[in-house]
Structures are given as structure tokens and as C-alpha cells.
Amino acid sequence: MTSILTSHDAGEATTAKPRLVVVGNGMAGVRAIEEILSRNGRKLFDITVFGDEPYGNYNRILLSNVLAGSEDTGEIFLNPLDWYADNEIDLRAGARVVRIDRFARLVQADDGTSIRYDQLILATGSRSFFPPMDGMWADDRTLTSGVFGFRSLDDCTAMIDYAADKTKAVVIGGGLLGLEAARGLQNRGLTVDVVHSPATLMNAQLDEAAGAIVRRSVENIGITVHTGQSTKRVLTQGGSVAGVAFADGTTVECDMLVVSAGIRPNVGLALRAGLTVERAIVVDDHMRSVDDDDIYVVGECAQHRGQVYGLVAPLWDQAKVLADHLTGTDRRAAYHGSRMATKLKVAGVDVAAMGLKAPEHPDDEFVQFAEPKHGIYKTIVVRDGKLVGATLVGDVRKVAFLMQAFDRGLPLPEERISLMFDIGTPDVEVGVAELAADTQVCNCNGVSKSALVACVNGGQKTVPGVMTATRAGKGCGSCKTLVAQIVEWAAGGVVEDDPSASWYVPGIPYEKPELMRLIRELQLHSVSSVFAALAPDGREDANSKMGLASLLQMMWTHEFVDERDARFVNDRVHANIQRDGTFSVVPQMKGGVTDSAQLRKIADVADKYAIPLIKLTGGQRIDLLGVRKEDLPAVWADLDMPSGFAYSKSFRTVKTCVGSDFCRYGVGDSTSLGIAIEQRFQGIPGPAKMKLAVTGCPRNCAEALCKDLGVVAVDGGCWEIYVGGAAGAHIRKGDLLATVDSPELVVQLTGRFLQYYRENANWLERTYTWVPRVGIDTIRAVVVEDRDGDGARLDAEMHKAVDAYRDPWKDREKPATPGQFRSALPLAVLPQVPIR
Ligand SMILES: Cc1cc2nc3c(=O)[nH]c(=O)nc-3n(C[C@H](O)[C@H](O)[C@H](O)COP(=O)(O)OP(=O)(O)OC[C@H]3O[C@@H](n4cnc5c(N)ncnc54)[C@H](O)[C@@H]3O)c2cc1C
Ligand code: SF4
């Protein structure tokens with residue numbers, strides 16, 4: 001190692017430490033410094049870091065979460081500026097190194113400074129690749145207004161700002177990053193089309209079958225996908241992006257374009273310094289440039305044995321080897337390459353992929369399971385008894401063990417199928433106790449088992465607490481189960497409950513009753529005011545918005561301030577989004593009763609708007625499927641019927657049988673009572689959807705026993721009321737709440753029960769979970785017997801909600817936002833929802 005002698009004061013010479021200069025203040029550069037510091041680096045070197053981004057060091061992976069609104073920019077910083085100062089690191093943030101003089105051992109930055117180095121680390125990472133096409137650039141250096149790459153914090157915040165008043169985005173690139181960008185923009189209220197030139201989404205990780213299922217899941221969440229389409233031109237209008245044109249001449253309009261078509265390592269600096277560069281800067285097994293023993297290279301700008309990595313896990317390994325070698329801790333430390341595993345960070349589209357997607361050798365074992373109808377696809381590739389590849393789509397429950405088996409070559413169970421499913425075979429998973437201390441548990445943030453254990457020993461006894469302190473599980477999330485198991489093990493079984501499990505929504509630290517009390521006390525009428533007053537640091541959390549909006553609407557009715565960004569697309573346009581981006585429209589048909597005039601109107605509307613499918617629903621209504629977004633207001637106007645609320649977390653239908661009017665067995669007028677109930681409670685919002693039924697005798701033709709609330713006419717002019725039933729994904733027979741002797745009492749108890757449920761259930765908790773959780777005896781005591789003297793108040797609150805009913809389809813007269821009913825339709829033909 002070289003030492004230099006500098007002269008600070010005339011006549012006084014001091015022996016200085018060698019100077020280590022790092023170019024690149026990103027994930028790899030700083031991780032390398034952290035590893036060096038942990039090997040006594042502060043005593044060994046004077047360290048200077050150049051970073052052309054004007055910030056401290058942040059976790060680039062989490063930019064996807066920032067764009068999606070689930071994380072705040074402040075939360076993604078890995079090392080605050082104090083950290084550099086505390087470690088005596090000279091940080092030159094916002095300074096770009098423009099030249100390396102290897103002979104003079106100098107680096108020069110664009111702020112005019114230059115500095116001598118003894119050892120140099122290049123960690124310059126990558127930049128977004130913009131395929132050459134007309135219209136992409138305004139000039140040599142500036143992208144056309146509305147065009148973005150997705151790489152840096154500046155890219156991310158610029159996108160968020162720009163998206164604020166935009167309605168339609170196109171994302172070029174259907175790889176991991178493109179899909180994450182698309183979901184992020186959709187969360188911000190934009191309609192999004194993804195354009196991908198290969199035939200398969202995420203083709204780097206997935207085969208055709210898996211790609212097709214992912215495509216369907218992506219379309220299911222309302223994103224339009226164009227595969228096999230390459231963009232030839234960016235269309236502009238008045239200097240801003242206006243759309244994209246495909247090779248086949250078709251176009252898609254948009255007012256924002258994100259390009260996620262791959263990355264290119266930043267190698268210009270190294271090239272100009274005369275280092276060997278192929279796809280990236282070529283390094284040896286010690287992570288040194290092959291041309292210069294004093295220049296190390298780490299991260300995405302390094303090419304090792306022909307391989308360039310675009311993920312974080314390899315850089316943790318590389319940084320360790322680099323630090324061992326540079327500090328002399330282990331001069332023989334060698335990097336042998338990394339295995340690649342990824343998980344898509346898009347809520348609702350579960351995909352994890354590692355290693356090979358298909359067998360490559362004749363002896364490779366290949367286990368494959370496909371259930372396309374349910375969106376599930378799994379493959380496993382085993383070589384010499386070791387896992388060398390796995391793809392999980394739709395069900396990623398086994399990902400934690402598979403990642404460990406893949407990373408560490410764990411022995412596999414003889415019954416390979418148990419790698420995909422829990423089928424009651426003996427547990428082969430290595431217990432957390434047997435995992436080596438240095439096992440990397442969280443690949444995204446490079447957190448080892450020993451770091452987790454140290455955190456628990458340091459006093460953190462809750463799983464989220466350990467995750468926050470170590471950042472484990474804060475990347476793609478696939479290691480969360482393992483992290484939880486390690487925390488439990490390290491805490492010797494005394495792991496404390498996660499208080500957030502009982503919060504009403506994840507972003508506000510209160511249980512529902514306390515939250516409601518505070519909202520009332522502080523008079524908070526909008527979602528944003530709740531965040532400002534009650535969220536930690538006033539931070540908004542995208543995942544909490546819908547739940548809060550529902551709660552506020554329930555509590556304030558008329559005084560609720562409705563902010564559109566707190567709504568899911570279905571609630572923004574009052575219709576149900578379908579697989580192909582069209583919508584389904586279900587008009588109200590109280591008690592399942594209609595007449596010839598309504599039927600005629602529905603038929604006329606279906607003809608006029610070329611509605612491809614008319615279907616009777618399970619709730620006795622007529623569903624018009626395949627309506628284009630821009631036609632919605634006109635369809636509602638022509639129908640001139642109220643919304644049936646088939647899309648929202650609210651009161652839906654009352655199914656009825658024909659009852660005593662026509663049926664030979666009927667003992668009660670179920671149809672009239674069903675209509676009366678539907679008329680009264682139409683559209684009231686709740687924690688989840690509420691489906692009801694009234695049936696005219698115990699033969700139960702309207703299936704009232706498996707509804708959120710079901711009413712059965714019995715002999716003697718009486719009615720039985722059942723609550724908490726279900727016949728969907730869960731099957732449950734409702735519990736008998738009461739038997740009453742008049743339809744008026746049925747209506748009153750229905751209202752009181754629904755109000756009690758609305759006030760007390762968790763967000764998205766259906767009655768079939770809530771009723772057994774609270775207990776039918778308690779519910780009966782409150783709702784029927786008025787044990788707490790709260791009955792009159794519950795009645796009054798429900799009355800207020802009923803009075804606040806307003807048909808949302810009246811929105812057609814005055815769209816809430818310019819893009820509310822603007823076309824979401826792709827101009828290219830998509831696979832349509834099947835029409836028979
Ligand atoms: C939105 C997004 C999501 C991602 N999600 C995942 C994921 O889920 N899983 C995963 O494994 N990976 C993910 N990645 C990839 C991961 O972030 C990168 O692999 C990782 O950041 C690479 O680290 P690096 O230090 O090599 O490069 P970077 O983190 O890019 O750091 C390089 C730094 O060097 C600076 N620099 C470049 N040239 C100079 C110069 N001449 N002078 C001064 N400074 C310079 C750059 O501005 C940058 O700050 C994601 C990336 C993005 C953008
Ligand atoms: S539930 Fe009873 S009243 Fe209603 S249709 Fe069936 S048999 Fe007739």
C-alpha cells in the first residue's frame with residue numbers, strides 16, 4: 001500500500017494516511033466504504049467520496065415504492081450526511097468526476113476541484129437507456145417534456161410532480177422496472193399502457209407460460225399491455241409528449257412517457273482513463289481493474305468473468321471481497337460471481353424468479369405446475385440435487401425457503417413437489433437455528449442473520465421494529481417470513497406483538513375506536529387532513545387512503561371532503577374495471593325486480609354502445625360488460641337508472657325470491673321487504689361489500705343463510721334475521737341474530753346491525769370474519785337488546801347515512817377531473833374478455 005507525505009505547515013511534515021477516493025455515492029460505492037470501515041478503514045485511509053447526485057446515499061430499490069406512494073423520499077436514505085461526518089468521510093455531493101489521470105493519480109470533478117488518490121474505487125453504476133427514436137429528445141441533452149427515465153431520486157420526484165395533473169401514461173418496457181413504474185403511476189391516478197417489444201412480459205426472468213399469467217394479473221389491476229409492439233416514434237404536441245407510434249403505424253395517446261428499456265453502465269470515465277471496458281469495466285476476482293492494481297470497481301459498472309449485474313445482491317458480495325483485499329484483511333479474498341433472484345414489487349402481481357427458467361442440461365430435473373385459470377404457475381429446476389432455478393407466479397408463499405435453497409445450495413426434499421406446496425410432507429426447511437451467522441437473509445439490503453440477532457439482543461423485540469432498524473425485508477419483501485422466524489428465534493419466543501397489526505390502516509398508528517375519536521375531536525374531514533394530523537411526520541401512505549376515505553365518509557356523510565386520489569379506479573369512475581381495460585355497468589334493480597321499460601332501455605343501450613356481453617349477475621341484476629371508459633357517462637344517461645354499486649365497498653344488493661305473492665309455499669312477502677331494504681340502504685359505504693337477501697320461507701330460494709345479512713320468513717308472520725354468512729371464497733352459514741314479527745323491525749335491526757358493523761369492523765373485514773370475531777352474543781346484546789343504550793344513536797347515524805345517499809352516476813353531468821372519463825382504451829386490439 002502506498003503512503004504519501006504531505007506538508008500542511010511550512011517546515012512541519014506529517015505522515016498522512018493513504019487517500020482512498022470513491023467515485024459514485026450509490027449503493028455499491030457506499031457499501032464498499034461500509035465494509036472498509038468495518039475492517040478498521042478509518043485508521044487506514046482518508047476517504048473522499050464523489051457523487052454527482054446532490055444527496056447522501058439512498059436505497060435505489062425503494063424508488064419504486066416512492067413512486068407508488070407507499071414510501072416517502074425521506075425514508076429511503078441509507079446514510080444521512082451525519083454518517084459521513086461521523087466517519088470522517090469527505091463527501092463531495094453534487095460533484096461529478098470528469099477525468100481520471102492515472103499517471104498523476106488525480107481525479108478532477110466538474111466543480112473545478114481535483115484530488116490525488118492512492119487507491120481509487122469506481123462505483124459509477126448505470127443510467128437509463130433511451131432507444132434512439134424521433135421525438136425522444138428536445139435537444140442533445142434534454143428529454144422532451146413529459147419523457148422520463150426511471151433511475152434516480154430526481155427522476156422519481158420529477159415524475160411525481162409531472163403526473164399530478166396528467167391522466168394517461170405510457171411505459172416503454174415490460175420488465176421488472178417498467179411494471180413497477182406502471183403500477184406507481186397508476187397509484188397516482190393515471191391510466192397506464194405498457195409497451196413491450198418481446199412477446200413475453202419480464203422475458204429476462206419468465207418463460208412464455210409464466211409471462212402470459214403475469215400479463216393477465218397486470219391487466220386485472222387495470223394496466224393495458226401491448227406485447228410484441230415496438231415503439232418507433234415519440235409523438236409531440238407543443239413541445240410535450242402526446243403519444244407513441246408503433247412500427248405497424250398504430251398510435252397510443254398519452255401525456256406522459258416513461259422509458260424503462262434497459263440500463264447502460266456508466267463507463268465513459270473509465271474508457272477515457274484507458275481502462276479495459278467491454279460491456280462494463282473489466283475486473284479480476286479481487287474486483288480490481290485488469291489494467292491498474294490501484295483501481296477497484298464495484299456494482300453495476302463492473303464486468304466480472306463476462307457478467308454484468310443489474311441487481312443489488314451481487315454488490316454486497318463484491319463489496320466484501322473488495323474490502324478484504326483493499327484493507328489487507330484477506331489478500332486472497334476472491335469473488336466468484338453471484339446468483340440472480342428477483343421479486344416484482346407490485347401489489348397484486350406476485351412474481352418471484354431465481355436462476356434458470358428452464359432446464360439446460362439433459363440431466364436437469366424440471367418440475368412444473370400450471371393452473372392458468374387461477375393465475376398460478378410454478379417451476380423448479382434441480383441439478384445434482386441442488387436448486388438452480390425457480391419461478392413462482394401467483395403464489396409466492398414458498399419463496400423464502402426457495403431463495404435460501406438457491407443461494408446456499410441446501411439439500412432438497414425427495415418429494416420435489418413439496419418445494420412448491422405445503423403437502424404435509426416432513427419439514428425439510430433448515431431451521432433458523434442452523435443457519436450460519438453470516439447467512440444473508442435480506443438480499444435487497446444485504447442484512448445477515450447475525451445483524452438481525454444483534455438487533456434483537458440490542459433490545460428490539462418486535463418484528464417490524466427489527467425490520468425498520470436493520471432495513472431487512474424493506475426491499476422486495478420476499479424474506480419477510482424468514483426475518484420474522486429469526487427474530488422469534490433470537491428473542492427466545494418472547495417476541496412482542498406488533499402493535500401495527502391492530503391499526504385500522506397501516507399508515508396511521510391507531511386502532512379504529514381511537515382513530516375515530518381523534519378524527520371526531522380534531523374535526524378531520526379529509527384523508528389528507530388525517531395524514532397531516534395523525535400520521536408519523538404527517539406522512540401520506542397510499543395503502544391507507546381507501547380505508548380512511550371509507551371511514552371518513554361513514555363518519556361525516558355530508559361533511560366528508562372527497563379527495564379523488566384516495567380512490568381506486570373503480571370508485572373514480574363508478575364502474576368495475578375488466579381484464580381488457582373496459583368497464584362493466586350494473587344498474588340498480590331493487591330486489592331483482594324490473595319491468596319491460598327498463599329492459600327495453602337496457603337493450604337499446606346495449607345496441608347503441610355495441611356492448612359485447614349482457615349477463616345476469618348472481619345478485620339478480622343485469623351486467624353490461626365491455627363498456628368503454630369514455631362511453632360511461634352517456635351509457636348512464638341513456639339508461640337513466642341509478643347505479644347498482646357493483647364496484648364499491650358498500651351495500652350492494654338484496655336478493656329476493658318471489659315470496660308469498662306468487663309462490664305456493666311463501667309465508668312472507670320477501671320481494672316487497674327486499675325492495676324496502678334495498679331502497680333504504682342503497683349505496684351506503686362500509687368496510688367491505690355487503691350483500692343481503694330476503695326469502696319467503698325456510699326453503700330459502702334466495703340463499704339468505706349465506707349472506708352478510710339474510711332474512712327468512714317463517715310461520716306466524718315472523719322473520720328470522722341471520723348475519724355473518726358467506727358463500728364466496730369462504731363458506732359460512734350466518735348466525736341467527738333475532739326473530740321479529742314485523743317487516744318494520746327487520747328494517748330497523750338491519751340498519752342498526754349494519755351501522756354497528758360499519759363502526760367496528762376493520763377495513764376490508766367482511767361480516768363473515770367480523771361476526772365470529774366479535775361474537776353473535778355481543779352483537780345481539782348491542783343491536784337487539786340495546787345493552788349499552790347505544791341503539792338510538794346507531795339508528796340516528798344510519799339515518800344520517802341514508803339521507804346522504806346520492807347516485808354517483810350523476811357525476812356524468814360534471815366530471816370530477818378532466819381525465820375521469822377520458823379514453824383508457826388502447827388503440828391496438830387486446831385480447832378481449834371472452835364473449836359467448
Ligand atoms: C427504480 C429501481 C428499482 C430497483 N429495484 C431493484 C430490486 O427490487 N432488486 C434489486 O436487486 N435491484 C433493483 N434495482 C437495481 C439496483 O438499484 C441497482 O442494482 C443498484 O443501485 C446498483 O448500485 P450501484 O452503486 O452500482 O449503482 P447506483 O446505485 O446507480 O450508484 C451509482 C452512483 O454513481 C453516481 N455517478 C455516476 N458517475 C459518476 C461520476 N462520474 N461522478 C460522480 N458520481 C457518479 C451516480 O449518479 C449514482 O449516484 C432497482 C433500480 C431502480 C432504478
Ligand atoms: S323461499 Fe319459499 S317462498 Fe320463496 S320461492 Fe322458495 S319456496 Fe317460495
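**Entry 1: S152**

I began with S152, which counts as buried because its relative accessibility is 13%, and buried means under 20%. The model I am reading is a predicted one. I placed S152 in the loop between strand 13 (147-149) and helix 5 (153-163). I then listed what S152 touches, leaving aside neighbours within four places in sequence: E53, Y58, R60 and L63.

**Entry 2: ligand 1**

E53 turned up again when I went to ligand 1. There are 31 residues around this ligand, and D52, E53, R151, E300 and K345 come nearest. A polar side-chain atom of R151 is 2.7 Å from an oxygen atom of ligand 1. On the backbone side, a polar atom of A28 lies 2.7 Å from an oxygen atom of the ligand, and a polar backbone atom of M27 lies 3.2 Å from an oxygen atom of ligand 1.

**Entry 3: ligand 2**

Which residues surround ligand 2? I found C657, G659, C663, Y665, G666, T695, G696, C697, R699, N700 and C701. Sorted by class, this shell has five nonpolar, five polar and one charged residues.

**Entry 4: helix 20**

I took helix 20 (residues 670-681) next. It has twelve residues and spans 16 Å from its first C-alpha to its last, close to the 16 Å expected at 1.5 Å a residue. The buried residues of helix 20 are S670, T671, L673, G674, I677, E678 and F681. Why do they sit on the same side of helix 20? They cover an arc of only 165° around the axis, which puts them on that one side. I noted the general point that an α-helix has 3.6 residues a turn, so residues three or four places apart point the same way.

I also checked what the buried residues of helix 20 pack against. The strands are strand 37 (651-656), strand 38 (690-695), strand 39 (709-714) and strand 40 (718-723). The helices are helix 21 (743-760) and helix 24 (791-803). After helix 20 comes G683, with a positive phi near 75°.

**Entry 5: helix 11**

I repeated the exercise on helix 11 (residues 449-457), where K449, L452, V453, C455 and V456 are buried. They cover an arc of only 160° around the axis, so they lie on the same side of helix 11. The cover over these buried residues includes strand 31 (440-442), strand 32 (447-448), helix 12 (463-470) and helix 13 (480-490). Just after helix 11, G459 takes a positive phi of about 120°.

Most residues other than glycine have a negative phi. I looked up two residues with a positive value. N40 is not a glycine, yet its phi is positive, at about 70°. I found N40 in the loop between helix 1 (27-37) and helix 2 (41-44). Is N40 buried or partly exposed? At 44% relative accessibility, N40 counts as partly exposed.

E703 has a positive phi of about 55°, although it is not a glycine either. E703 belongs to the loop between strand 38 and strand 39. I read 40% relative accessibility for E703, so it counts as partly exposed.

**Entry 6: E759**

Back to helix 21, which holds E759. Buried or exposed? E759 counts as buried because its relative accessibility is 11%. I looked up the polar contacts of its side chain. One joins E759 to the side chain of Q755 at 2.8 Å. Another runs from the side chain of E759 to the side chain of R793, at 2.7 Å.

Technical notes
Residues are numbered from 1 along each chain as its sequence is written. Chains are lettered from A and ligands numbered from 1 in the order in which they are written. This is a predicted model: local features need pLDDT of at least 70, side-chain atom pairs count only at pLDDT 80 or more; totals for chains, interfaces and linings use all residues. Side-chain values use heavy atoms; hydrogens and water are left out. A residue is near a molecule or strand if one of its heavy atoms lies within 4 Å of it. Ala, Val, Leu, Ile, Met, Phe, Trp, Tyr, Cys and Pro count as nonpolar, Asp, Glu, Lys and Arg as charged, and the others, Gly among them, as polar. Helices (H or I, at least four residues) and strands (E, at least two) are DSSP runs, numbered from the N terminus. The expected span of a helix is 1.5 Å times one less than its number of residues. Buried means under 20% relative accessible area, exposed over 50%, partly exposed in between (1.4 Å probe, protein chains only). The arc is that of the directions from the helix axis to the C-beta atoms. Contact means heavy atoms within 4.5 Å. A polar contact is a pair of N or O atoms within 3.5 Å; within protein, one must be able to donate a hydrogen and the other to accept it, and residues adjacent in sequence count only if both atoms are side-chain atoms.
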